[in-house]
Amino acid sequence: MRFRKFTAVSLAAAMTAAAITGCGNREQEKPEAKTESREVSAQSFSDALKKSSNISSYDYTADISFSIKADDLFTYTTEETEQILDTLGIASDKVDLKLTVNGSVKGTDAQTITLGFEVGNLSGDLTEIVYVDDTLYVNVAKTVDVIEQVADKFGMKDTVSTYLTLLPEGDYISVSKDTLTQFGEAFLKSAQITAEDFNIPKTDTEAVEKAVYYLMDEVEKAAKKAQDVYSSKNGYSISINNSNMLSFMTAAITVLAEDRDEIIKNIKTIVGDETMDISIEDAFDKIKISTEEDREKLLEDIKTAKEEMPEFDFTLTTDYSGEEGSAVGSFGCSMKAKDSDADITMSVDAKIKEKDVKISAPESVMAQEDIEALLSLIGIDSTGDITDMFGGTDNYGYNFNDDLNVDDTAA
């Protein structure tokens, strides 16, 4: 999810031209020597993901789609529900949903995210979120546009718009980091979760990361051993379907048998035995692959199961390339499954583009006093009132813990 060399080259050319034409009466200065840019690339599937994840300042995009088609998709819906679906342009036998996520990241200090959607005859941006200077900004104006769009489909736009006029002037609401912390702590208190519940052993992040990439390398190793599963053309891809599944499973069983101890060690690094009802060693022992006879029997079982499986195709892709400072990393995942009852397609296409990101606070922000005035209309006089609703100490008659019959003194 990074930015184009063309812009930088064009800017450099324009600056050079301006310098030359603007200094016609002076001796032209010697241009600086060109700096050679260094090409970057990945050496494997996991290497592409690793190098992409190490980029700290970037723009990103992600397109997520889901489609399902089935004759009896809404068999048990009521007449009212069918009318709602028809109004929203959703067919009775098919649903297509598209989500978009895009934004920018500047290390851990700042980031933006815009959430978009398309389903039936509805589409738009649900909201935009900006986090910068220890403050979270949420774009309410985009959410209002979606609400009005839905209201218009049901002939209620004028009524809804009347209520929306009560919103303060401005596109964003702002919430400080301290307020977010208060909300979080209040919610945990409401859920009867204490600090002791988070007494989880510290994890060696670097060791976990190495373990994850090791396991990914093992998957890639199996994919390379199989027929028509692995490709390194135009990036790296692993594709498994009905035709090559048996070949891949044969290769995977071989890799599991060869590298059993190291695989177990790395799984333990990631999840640990204490989080499982059965030890990882015992779990592996239940997969009988220690002898050639065991492996052949397992493959026969897989072959039998394969005959009853629907048509399917599962593909993972990744790439990392470009120039140092403006590299592009990508990741894709797609799945197709089809049988006599349903046809399902899912896909995720994500891309990051390395660049020096600049993120600033939005200008059109609702004034805090206007927000408080609006909240007072529904009996909320301060931010503290909201946290009290979760924390169990509110004084105006509503309390989540009361509804749940929770003794909030137990913690």
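Helices (H or I, at least four residues) and strands (E, at least two) are DSSP runs numbered from the N terminus. The structure is a predicted model, in which local features need pLDDT of at least 70 and side-chain atom pairs count only at pLDDT 80 or more, while totals for chains, interfaces and linings use all residues. Residues are numbered from 1 along each chain as its sequence is written, and side-chain values use heavy atoms, with hydrogens and water left out.

**Helix α7**
- Helix α7, residues 205–225, has 21 residues and reaches 31 Å from its first C-alpha to its last, close to the 30 Å expected when 1.5 Å is multiplied by one less than the number of residues.
- Among the buried residues of α7 are V208, Y213, Y214, M216 and E218, where buried means under 20% relative accessible area, exposed over 50% and partly exposed in between (1.4 Å probe, protein chains only).
- The cover over the buried residues of α7 includes α2 (45–53), β9 (236–241) and α8 (245–258).

**Salt bridges**
- The count comes to 13 salt bridges, each defined as a side-chain nitrogen of Lys or Arg within 4 Å of a carboxyl oxygen of Asp or Glu.
- D47 and K51 form a salt bridge with their closest N and O atoms 3.2 Å apart; they lie four residues apart in helix α2, and are therefore separated by about one helical turn.
- Within this pair, D47 is buried at 16% relative accessible area, whereas K51 is partly exposed at 29%.
- E300 forms a salt bridge with K303 at 3.9 Å between the closest N and O atoms, and the two are three residues apart in helix α11 (residues 292–307).
- K106, D356 and K358 are linked in a network of salt bridges.

Key: Contact = heavy atoms within 4.5 Å.
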